[in-house]
Amino acid sequence: MTSLRDLRETLDDHAAAIDDADRWARPVAVRERIRVVRRRRAAAGAVAAVLVVATGATVVASLDRPERPQAAAPPTVVGVDVPQRVAVHGVPYELTGGDPIEGEDDRLRLRGSEEERAVAFAASGLGSGSATLLVDGTAVARVVGGEGLEQPVPVGDAGATLRVRLDGAPDGAETGVAIYESAGLAPGVDNGEVVFRDTVAGGPLLAAAFAEDESAVAVTFRGRLPEVRLASYCAAAERGLWLQFEIDDLGPRGHSCQARDSASVGIVGGVLEDGARVLDHTVRAYLTRGARGPVVDSPGTDLGVAVYQQPAEPVEVFGTRVESQIEYAGRTWRLDRTPESFGDVDDWGTRVEASDTDLLIGLVAEGAMVQATWEGRLDRGGSASLGSPEGVAWMTAGVLLRGDDYDVRITGNGPVTRGALLIYRPL
């Protein structure tokens, strides 16, 4: 090397030869516990940016060559523009990269991550055909015709295998995914690590609080008890603890606390079916040892309670209140219809058309190990089993992707005493 120019050319040659396979896998700093650090860095960066802009302005003025800043081109996956940031149930996610999935024989394997992830399925050049994304063998998203980008689907923080199934697509069709990682907490009431979101399934937060170095917490709200739902959080190092709720003087109800590494905010359900008047109410949450044990203090246990307005009036099926607006697979769904109910059968079926939109199906049933299965021209699937031989229970079963018709069947371990299929549409 005889000059600085030779050195630069040599370094450029070496850089061009490097295949950086991990360029999409490097996570952004997203954990809530480092928000302060990021804000400090952002503030420092802002100051530095001001200094750079000011200096640049002086140089431009001296050269008399004003230039307009060029907007950065949006990121793309297989030629389809993808957003840098998305929100899934209010939780912010940031783009960490994208990868093509080259045909039906290709597999994209996502390694485990410290953060929750979501993937948005993109396809181009489909003509009149379609492309379906499968995560660990389950169909989760479909692009129909031409090109498109589907809404992000949560895939968790564990490893996953992604593949694509094409139908009627010409040669040259391309598919891929944009990969996102969670970037903090959704808006709401939080304790720095978890949050009671401002809305759940469209229902607004009425009141929420976390205990601060205490083993009990209380909130007050105004409303009708049948129109609200409780949410809770309890993370405990000590085993055998229960989080109990008392609403006014109506007696306790509760659930077991989870281990600290598995606890999360969850909806407890409706409060009461009685109580037509709008009144002020108090919800108190506290710890007991066991479901019926004494009230205890447990240092290091984190707990919280929240109250949400019902997003929509529940419907009654076989005497059971069923939510008519719910969250599932990254979207909010509204109950569209309840097909004709059935009962005392070993096997019941119906045809469900999903030509223009994805549909979420739910199941209300009484019987042992009741399960919903579905089969279309493009994919098939099945639900978990619902076991309630001595009473009616309900659950969400799965998503029927658009562009197909499905034969849906309900079976049980023995006769299904009674049952009904619920069909939800995305909002």
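C257 counts as buried at 14% relative accessibility, where buried means under 20% relative accessible area, exposed over 50% and partly exposed in between (1.4 Å probe, protein chains only). The model is predicted, so that local features need pLDDT of at least 70 and side-chain atom pairs count only at pLDDT 80 or more, while totals for chains, interfaces and linings use all residues. Residues are numbered from 1 along each chain as its sequence is written, and side-chain values use heavy atoms, with hydrogens and water left out.

**Disulfide**
- A search of the whole structure finds one disulfide, a term for a pair of cysteine sulfur atoms within 2.5 Å.
- The disulfide joins C234 to C257 with an S to S distance of 2.0 Å, and the link is right-handed, with 75° about the S-S bond.
- The pair links distant parts of the chain, 23 residues apart, with C234 in strand β18 (residues 228–236) and C257 in the loop between β20 (252–256) and β21 (258–259).
- C234 is also buried, with a relative accessible area of 4%.

**Surroundings of F342**
- F342 lies in the loop between β28 (331–337) and β29 (345–354) and is buried at 8% relative accessibility.
- Not counting residues up to four places away in sequence, F342 touches W348, I410, V416, R418, G419 and A420, contact meaning heavy atoms within 4.5 Å.
- F342 and R418 are 76 residues apart in sequence, yet their C-alpha atoms are 5.6 Å apart in space.

**Whole protein**
- The protein has two helices and 34 strands, taken as DSSP runs numbered from the N terminus (helices H or I, at least four residues; strands E, at least two).
- Of its 427 residues, 41% count as buried.
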